[in-house]
Amino acid sequence: MSSLPTYETLKLSQPKPHVTLVELNRSSKLNAMNKQLFDELKVCFEQLNTEKSCRAIVLTGSGKAFSTGIDVKYLSGVSVNELGEIDDVARKALHVRRMIQSTQASLRSVDKCEKPVIAAIHGHCIGAGVDLSACCDIRYSARDTTFSIKEVDIGLAADVGTLQILPKSITNHSIFRELVYTSRTFNSDEAQQIGLIGRIFDTREAVLEAAISLASVIARKSPVAVQGSKINLNYARDHTVDDNFLFASAWNSSMLMTEDIIKGVMASAVSKDKSNKDAISEIKFEDI
Ligand SMILES: CCC/C=C/C=C/C(=O)SCCNC(=O)CCNC(=O)[C@H](O)C(C)(C)COP(=O)(O)OP(=O)(O)OC[C@H]1O[C@@H](n2cnc3c(N)ncnc32)[C@H](O)[C@@H]1OP(=O)(O)O
């Protein structure tokens with residue numbers, strides 16, 4: 001990226017080559033998500049999707065929390081002000097449907113981004129904060145994080161990620177459903193037990209450092225292989241096994257022609273030589 005795009009509710013930086021750090025930037029509101037943040041998030045991830053200098057992304061919250069979910073003032077503004085001006089029930093419903101679909105598209109842009117996204121979570125991860133983390137590939141958390149799938153407590157079924165994506169990756173559905181139906185607060189250990197969190201770190205600094213370091217390892221791999229893997233993983237999540245094999249054969253029938261394979265195979269051969277163990281990590285892959 002020649003210069004990083006600027007947003008009001010997001011802060012972008014490049015802590016390592018080919019790694020983009022995206023920070024939710026409403027720390028005074030514990031990164032509660034309003035319309036502007038939803039809109040900017042979508043623009044940001046669609047832009048990163050095609051940005052050559054970005055190969056892996058770390059998503060975190062600035063200040064004390066990852067995110068406390070939807071901005072409740074924004075939500076009540078929609079239900080009181082915007083709907084108050086519409087009389088007809090069908091038109092009210094279509095207005096709300098549009099708002100839900102626009103919010104879904106915002107968070108889904110993280111899932112659809114072909115670069116791996118690592119969530120570095122700390123402080124609070126509540127409601128839409130969990131939905132947002134559900135759209136990430138990998139979730140690391142600080143030990144002190146408090147989680148809550150809060151939607152039931154505010155009278156709704158979560159509709160922007162948690163109930164749509166997490167059932168595909170969660171490992172303990174019994175506890176997951178308990179957390180959904182009760183909105184009770186849970187900690188990082190429990191989040192890890194159900195498969196929501198991959199790794200736990202002692203401090204916010206440690207979780208961010210680990211996420212950036214992981215992103216940097218991924219960013220040094222072949223972008224053809226990494227992005228192809230994400231595309232295949234997301235496809236496999238959403239289709240049958242037969243479809244997945246067919247998709248992979250079609251995908252690799254062209255991708256196997258990449259020069260990255262020749263580079264990788266040659267470096268593997270060289271790295272068998274004990275004096276040149278780092279040959280693989282030293283390969284320079286061209287941007288895509
Ligand atoms: C179509 C889309 C559908 C999406 C649905 C999504 C649903 C959800 O996300 S449900 C979850 C909603 N979130 C919450 O209910 C959390 C609300 N926040 C809290 O309970 C507390 O802030 C918390 C316990 C997390 C932390 O308490 P603490 O005392 O440490 O901080 P506060 O003084 O409360 O917060 C600091 C300032 O941030 C503002 N804030 C925090 N969270 C939100 C939020 N979700 N929405 C709006 N504002 C939020 C808080 O008001 C304080 O602001 P100020 O008073 O101006 O200092």
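**Strand pairing and ligand shell in a predicted model**

Three strands form an open sheet of mixed pairing, in the order β5-β7-β8. The edge strands are β5 and β8 (186-187), each of which pairs on one side only. The model is predicted.

Reader: In the pairing of β7 with β8, which residue is the bridge partner of Phe-147?
Author: Strand β7 covers residues 146-148 and is joined to β8 by 2 bridges. The two strands run antiparallel. In β8, the bridge partner of Phe-147 is Phe-186.

Reader: How many residues lie between β1 and β2 in their hairpin?
Author: Strand β1 (residues 10-16) pairs with β2 in the antiparallel sense over 5 bridges. Across this pairing, Lys-16 stands opposite Val-19 of β2, and Leu-12 stands opposite Val-22 of β2. In the turn, His-18 has a positive phi of about 65°. The number of residues between β1 and β2 in the hairpin is 2.

Reader: Which residue of β3 is the bridge partner of Glu-23?
Author: Strand β3 comprises residues 56-61 and runs parallel to β2. The two strands are joined by 6 bridges. In β3, the bridge partner of Glu-23 is Thr-60.

Reader: What is the handedness of the β-α-β unit made by β2, α1 and β3?
Author: The helix of this unit is α1, which covers residues 35-49. The strands β2 and β3 run parallel. The handedness of the unit that β2, α1 and β3 make is right-handed.

Reader: Is Leu-48 buried or exposed, and what is its relative accessible area?
Author: Leu-48 lies in helix α1. The C-alpha atoms of Leu-48 and Arg-139 are separated by 19 Å, the two residues being 91 residues apart along the chain. The cut-off for a buried residue is under 20% relative accessible area. Leu-48 is buried, because its relative accessible area is 0%.

Reader: Which residues come nearest to the ligand?
Author: The shell around the ligand has 9 nonpolar, 6 polar and 5 charged residues. Of the 20 residues around the ligand, those that come nearest are Lys-29, Thr-68, Ile-70, Val-72 and Ala-128.

Reader: How much of the area that the ligand exposes when taken alone does the protein bury?
Author: A polar backbone atom of Val-72 is 3.0 Å from a nitrogen atom of the ligand. Taken alone, the ligand exposes 1100 Å². The share of this area that the protein buries is 65%.

Reader: Which element gives the most residues to the shell around the ligand?
Author: Both α3 (89-112) and β5 (124-126) supply at least two residues of this shell. With 3 residues, the element that gives the most to the shell is α3.

Terms used. Residues numbered from 1 in each chain as written. Predicted model: local features only at pLDDT ≥ 70, side-chain atom pairs only at ≥ 80, totals over all residues. Heavy atoms only, no water. Near = heavy atom within 4 Å. Polar contact = N/O pair within 3.5 Å; in protein donor to acceptor, adjacent residues only side chain to side chain. Areas by Shrake-Rupley, 256 points an atom, 1.4 Å probe, with all protein chains shown as cover. Helix = DSSP H or I, 4+ residues; strand = E, 2+ residues; numbered from the N terminus. Nonpolar A, V, L, I, M, F, W, Y, C, P; charged D, E, K, R; others polar. Pairing = 2+ DSSP bridges. Right-handed = clockwise from strand over helix to strand, strands pointing away. Buried < 20%, exposed > 50% of the residue type's maximum accessible area, 1.4 Å probe, protein only.
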